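Please read them with the structure open.

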Amino acid sequence: MSVKSHYDLVIIGAGPTGLAAAIEASQHDFSTLVLDDQPAPGGQVYRHITQNRDQRQANSYLGADYWLGADLADEFLQVSAELLSESRVWQITRDRQVFFSRQGAAQKVQAGAVLIATGAMERPMPIPGWTLPGVMSVGAAQTMLKTGGSGAEEAVFVGSGPLFYLTIWQYLQAGFAVKAVVDTAPARMRLRQYLLALPALLQPGLLLKGLRWRAVIRRKTDYHVAATSVAITGDQSATGVTFQTADGQRQTIAAAHVFIHQGVVPNVNLTMATDLAHRWHSRQLCWTPRTDMYGQTSVEGIFVAGDGMGISGAAAAALSGRLAARRIVANAKGSPLFMAPIWRVLKWRQAAIRPFLDHLFRPPDEWRVPQDAETIVCRCEALTKADVVAAVALGVSGPNQLKGYCRAGMGRCQGRMCALTIQKIIHDHNGGTEEAVGYLRVRPPIRPLTVGELAALAHEDASG
Amino acid sequence: MKMPAAKDRIIIIGGGIQGCATAYFLATRGQNVTLLEKDHIARHASGVNAGGVRRLGRDPVEIPLSLAAMDIWQSLQDHIGDHVDAFHRCFYLKVALDEAGQALGVDRIAALQKVGFHHEVWLEDAEIRHRLPHLSCPTYGGILVEGDGWAFPWRIVQGFASAAVRHGACLVEDCRVVSLEQDGGGWQVRTTKGLFEAAQVVNCAGAWAAGLANLAGEPAFPLSPYAPMLAVTDRRPGILPAVMGVLGHTLSLKQLHTGQFVIGGGVRAPADLETGRGEVEIPALAASMNLAATLFADIASAPIIRCWSGIEGYMPDNLPVIGRGEQLGLVHGFGFSAHGFQLGPAVGEALADLVMGQQPRISLTPFSPNRFATA
């Protein structure tokens, strides 16, 4: 496929948000390009959907919600929007040039408008032993299941959150033996939390589904609720999980495979690297870009939609993608936005359960900062909590200044695995608000870009 | 903050390498020094530059200052103690990749020798390949300076700042100067942290220095802010024991002790003095990447993990401003145009001399603040 040099709309991410936005924009004759990391559309939630749907029977364990993605992907494949798979976007400029790497060379495309639909990423869960071989995130475990149905037998799942229960349920449906589930959600909610959760009653189906998953998990696994002080044991690789049960007993379960999860947060790497304005979302404990109701960010013509603007799930993400696309079209053509208010209501309706889930699975401090001083915080530079705390104590006001005192966040992952932890450690030491502490400054390239790939851009400019 | 009036206080504005080195030399001479920094120490170009510690390739009028600075770098431990481990001496090599580059290099060495400088020497291709067996391309020879190297810039600046404090200097961070007024032979320095009185003021405010000079009532300086860019790769096996450049090009290439390559040199992005934000325009680095991969084919497969920039002030002739201002009790040291890091220690010493009314050991005539004044 030959890529044009200019598109009315360039969408980054082919998950529910990006696909829905592309469908909407195409229907208005907007030239649209979707750039995505993966070989096929679907994003994280509908990963591998165009391959898996051909064996829907054999893959039935993925569940009805997953198959909703098949219709969305089919509709997307019918429209005029172009998809460029295996394209890693590493920088967007404020004048909407989009740079990406594909097949070993860097390329660029000029966008009339940009929609960032890069979704969510898993929150780090730095507990003792989390960097041992044999330990994986639940999201990674689910990815294995979606791409080829592979998984690990006799694994122990540690953590909480919707994706946590869904993945365990899928594992069980797929026929894998799950050795134990160590649920870290706090024992009970406060009254205020119940009140905040009232809108969730608008989505009784989701509530029932959650209860059903839990019932299945409770019946089929060795299930422990309200676990605290969890550690993964082992020297060379994981050998087990040890934790304190709700009634104060210490318990150890042998396991070679441990899957950990503490919820998802917006993937802000691209929005941060583009230097868009962000705010600290104190209910979801994460950063979100500042946007208007359509997803227009602090830079004109750059939009964000879906979980990237705050976690609200796949159904709401698709509506939010449509809404952003509709606004972008309206901006360009001066056309009215008749449907937009209805979609906004629908989107709110689709995310009505969110405040409840946010409170139910809000990670207590114990899961945000290791309790144990010798636990690794920054895995690329092998820095423990004690190392980071010692540097913070020298008089550091934020994560960027911290880098002068220790290399936290300076390694290969550039803080993607530790920035929220580091921020919280500094906050615990200095006080004030987490918003004031701030996030590690994210600089491009936000996806792997080799020296050779970038050098290719020099040849292109020379010849063109 | 309410500071007691002190008739003998010297206020240095700017916590970069120049300001911190000046604070250090003044403090060691027993002066009453207060350094004001609007952000934190080494926040901009001083803390995030390429860290090149080189005499190679300097403008001839800058060479005496650069050589004097190297004397201090060679005894750095005496000044900044443990922070010295941030300085790595090796050699600096600027190779020619074509005949034009070769001519540039050979002519330069001849010109330098004519005026008595012998620190830059010519190396033939065979010697270069002996020193750098992993080099992927033939060269047309190159210029060598033995003993040049690189440093972690933030650590070095912090080293001077800490040493200054040890000798009694006062450091005030998050303190932005809002006005500068002459007051009976001294200065009233109004800041976001209150009023400071000083006998003399040293302007080491980097890219922000022209604005400060303006506050002090000095003639306008033609200083332009830019954000020179750099990129760092993931770790790779060690293949490059030197800092490298290419004659006729602005590449700067080194491999840190971590195995990471730092690639940059001369490529500038826009900078915003108001927000303190330097842009990063990765595509502008493509030519430097191409050159780095030409020198060492292995570098081509290394992932770039970060690009960044730091805000610096540039003068039209790319030479710094070092000298007394028109106003009494005001000394300038800024405009290093992205090659001031190595000079820092010698500049600090020279500015300390000026403040104390002594004759600096290096002539500062080429860096005169009024060289752009219209007659």
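1. In chain B, 3 strands make up an open sheet with the order β8-β9-β10 and antiparallel pairing. Strands here are DSSP runs of E of at least two residues, and helices are runs of H or I of at least four residues, both numbered from the N terminus. Two strands count as paired if DSSP finds at least two bridges between them. At the edges are β8 (177-183) and β10 (194-198) of chain B, each of which pairs on one side only. From one strand to the next the twist averages 20°.

2. A word on the basis of these notes: this is a predicted model, in which local features need pLDDT of at least 70 and side-chain atom pairs count only at pLDDT 80 or more, while totals for chains, interfaces and linings use all residues. Residues are numbered from 1 along each chain as its sequence is written, and chains are lettered from A and ligands numbered from 1 in the order in which they are written.

3. Within the sheet of point 1, β8(B) is joined to strand β9 (residues 186-191) of chain B by 6 bridges, and the two run antiparallel. Gln182(B) has Trp187(B) of β9(B) opposite it.

4. Chain B is split into domain 1 (10-48 + 155-221 + 316-367) and domain 2 (88-149 + 224-314); the bounds come from an automatic or database domain assignment. Taken over C-alpha atoms, the centres of domain 1 of chain B and domain 2 of chain B are 29 Å apart. Domain 1 of chain B gives 14 residues to the contact and domain 2 of chain B gives 11 residues, where contact means C-beta atoms, placed from the backbone, within 7 Å. On the side of domain 1 of chain B that touches domain 2 of chain B, helix α2 (residues 45-48) of chain B supplies the largest share, 3 residues.

5. Helix α3 (residues 63-74) and helix α10 (residues 344-355) of chain B have axes that come within 7 Å and cross at roughly 100°. The axes are lines fitted to C-alpha atoms, for helices over the stretch in contact, with angles from 0 to 180 degrees between N-to-C directions. α3(B) and α10(B) are therefore roughly perpendicular, a label for angles of 65 to 115 degrees (under 35 is roughly parallel, over 145 roughly antiparallel, the rest oblique). From α3(B) the contact takes Leu65(B), Ala68(B), Ala69(B), Ile72(B) and Trp73(B), and from α10(B) Gly344(B), Pro345(B) and Ala346(B).

6. Between the chains, 27 residues of chain B are in contact with 22 residues of chain A. On the chain B side, the elements giving two or more residues are α7 (153-166), β12 (224-235), α9 (286-295) and β18 (303-309) of chain B.

7. β18(B) pairs with strand β22 (residues 449-450) of chain A in the antiparallel sense, over 2 bridges. Leu449(A) is opposite Ile304(B), and Thr450(A) has Pro303(B) as its bridge partner. β12(B) also pairs with β18(B) in the antiparallel sense, over 5 bridges, with Val232(B) opposite Arg306(B).

8. How many of the 7 residues of β18(B) are buried? The count is 5, so β18(B) is largely enclosed by the rest of the structure. Buried means 20 or more other C-beta atoms within 10 Å of the residue's own (12 or fewer is exposed, in between partly exposed), with C-beta atoms placed from the backbone.

Terms used. Contact = placed C-beta atoms within 7 Å.
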